[in-house]
Amino acid sequence: MDNNKIYTGVLSYKDTNFTFVFNGEDLRLIPSIDNVRKVESEWLVTSIAKGVFIPNTDLKMEESFLIGHCHENGKTIVFFTQQNANIGSSNAVLLVNLIGYLECNSKNGKFGRISFSGPEINNIHPVNHAFDFSFDPSTVNSDGIFSITTKSFEITSTTPQEFMVDRKKVSVQFSVSRKLSAKILEPPILLESTMLFEFEETEEYDFLVRLWHIARNFISFLCYRNNIFMEPASISTKNQDGKYQTFATLTMMNNATEKEMYALKQDRCIKQRQIAGHEGQILEDIACDSLYTRHLPKTYKEGRHIDAARFIMITAAFEWEFHRAYPDGVPKKESTIKIENEATEALKKLIDASTGKLKSKYKFLSKLIRSDSLQTELLKIGEDFDSIIGGFGKHLYRLNGEELVYSAMGERLSSQRNHFAHGDLDKDFIGLALLDLMYLEYVVYSMQMKYYGIEAENIRQAIIDLFHLNIAL
C-alpha cells in the first residue's frame, strides 16, 4: 500500500455501516447517512437526565480488528485496532487508533505461514553465504565477465524448530529467497534472508499479530536493541499441491522507521548458526514472557549510555535469569541451612506472638533469611561461568587497570543499585560499578544462552559478535 495515497472503502462496526478513509496511518470512520443520527445521539453523547446530554468521553473500541473492502484496488483490508482504547471523534466521524493492517489480494480466509524479512534478519542468517562467484583474474578487468551461482534451498535453509504459542504448534525456519528481475530500475538478482513461521491453517487474524510481536522480540533479543526494522510480512496459504502461495501482506505501525545502519554495518548480532537447534526454545520462552528482555535498549546508541533506569533494569535482568537458572537459589552448606532453619523457627514464634505492624515486620525479616544477595549470586556465577566468559571480564578490567573479583563486583553493583532505587542522591557514584555493569551485560547473555544448552564456544562467539569485542578466541 502506498502510504502517500488515501484509500477509501466500506466496513461495518457494531452492526453499523461506515465509509472508511485510510492514509496508511490513521483510520477515519464516516457513518452512512442512515446511521449519522444513531452515532451522534447514542455513541458520542451520554444522557444524564431526560433531554440532557453530555459528551461521551469513554467511547472504547470493542473489537480487535475491523474488516473493510477498498474501493481503489478491490482488496480486503483487515484493520488491527487497539482494543479498549478510546475512540476519538470529529463531529460524527470516528478516529480509530491502529496497530497494523492486513492487505488481502484474494478472498482466501485461511493462512498457514508468515514470512519475515529485514536487514537484521539478513545479518542473523547471513545472505552472503547463499552464493558463490567466480572470475578469471587475468581477464576480469578487460572483459568484465564473472559469474554468480546461488546455492540450493536445502543448503541455505535451516532445520525447522518447533515451539508453542497459545497451545498452537508453530515451526520456525530461516531461509534465503531469490528474486529475478529484468526491469531497469531493479537489481537483476535479489537475495534476501527470511524467517518463516509455519502453523496449522487458521482464520484467526489476531494470531498473525501475536506472531509478529514474538518474531520482533526474538530479533531484538538477538540484536540487543528494540529499533528493529521489519519489512511488511508476507502471509501465505497452502495450495492443493502442498506449496505456499502469498495472498496477503501484514504491515505493523509500531515498527522502526529508520534502519540502524551503524549497528548493521558492524554486524552486531547473534547469528542463527550460534543458536542452531535452540530457536524454538527461545521463541517459546518469548511467547510466554519468561525470557527477560525488558532491559534491551531502544537503540544501539542508547545502549551505550547508562542512566539510573538502565542500571536497575540490567541488574534486574541478571537476578531474573539467575532465578531461572537456579530456582532453589545458591546451594548452601548443611551448617548454613541448619542456622537458617533455627532463625526461621525463632521468628515464627515471634510472628505467632505478635500483631499488627510488628507482626508484619517479623514476616518481612523471615523472608530475608533464605534470600540470596546480589553479591552471593555473582559469586556463584563466577564459579560456574568464569570458564565460559571470564576471559572477556578479565580483559575488560585489565584494560582499565583493575582486576575482576566477583565478590567486589557484586558489592559495588548492589550498593549502587540501592543508591539509585532509594533516591540517595547525596551518595557519590561508585565509578567501578559502571565497569561491573558492562561485564554484567555479557554475563546476562551467557546465562540466557547457557540455559538453553548452547555450547560454550558458541556463547563466546555470540558475545564477541553482539558486543563487537576485539578479542580472538
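This report describes selected helix, strand and residue features of a predicted model.

The model is predicted, so that local features need pLDDT of at least 70 and side-chain atom pairs count only at pLDDT 80 or more, while totals for chains, interfaces and linings use all residues. Residues are numbered from 1 along each chain as its sequence is written, and side-chain values use heavy atoms, with hydrogens and water left out.

**Confidence**

The pLDDT, the predictor's confidence in each residue on a scale from 0 to 100, averages 88 over the protein chain, and 92% of the residues score at least 70. Confidence is lowest in helix α3 (residues 140–143), with a mean of 60, and highest in helix α7 (residues 279–287), at 98. Helices (H or I, at least four residues) and strands (E, at least two) are DSSP runs numbered from the N terminus.

**Helix packing**

Two packed helices are described by the angle between their axes and the distance between the axes. For helix α13 (residues 406–421) and helix α14 (residues 432–451), the angle is about 110° and the axes are 9 Å apart. Axes are lines fitted to C-alpha atoms, for helices over the stretch in contact, and angles run from 0 to 180 degrees between N-to-C directions. The pair α13 and α14 is therefore roughly perpendicular (65 to 115 degrees; under 35 is roughly parallel, over 145 roughly antiparallel, and the rest oblique). Contact means heavy atoms within 4.5 Å; on this basis Tyr406, Met409, Arg412, Leu413 and Gln416 of α13 meet Leu432, Ala433, Asp436, Leu437, Tyr439 and Leu440 of α14. The residues of this contact comprise eight nonpolar, one polar and two charged. Here Ala, Val, Leu, Ile, Met, Phe, Trp, Tyr, Cys and Pro count as nonpolar, Asp, Glu, Lys and Arg as charged, and the others, Gly among them, as polar.

**Strand pairing**

Two strands pair if DSSP finds at least two bridges between them. Strand β18 (residues 244–252) takes part in the pairings tabulated below.

**Individual residues**

Thr81 belongs to strand β7 (residues 76–81) and counts as buried at 4% relative accessibility. Buried means under 20% relative accessible area, exposed over 50%, and partly exposed in between (1.4 Å probe, protein chains only). Leaving aside residues up to four places away in sequence, Thr81 touches residues including Met61, Phe65, Leu66, Val96 and Ile99. Glu455, in the loop between α14 and α15 (456–466), is exposed, with a relative accessible area of 54%.
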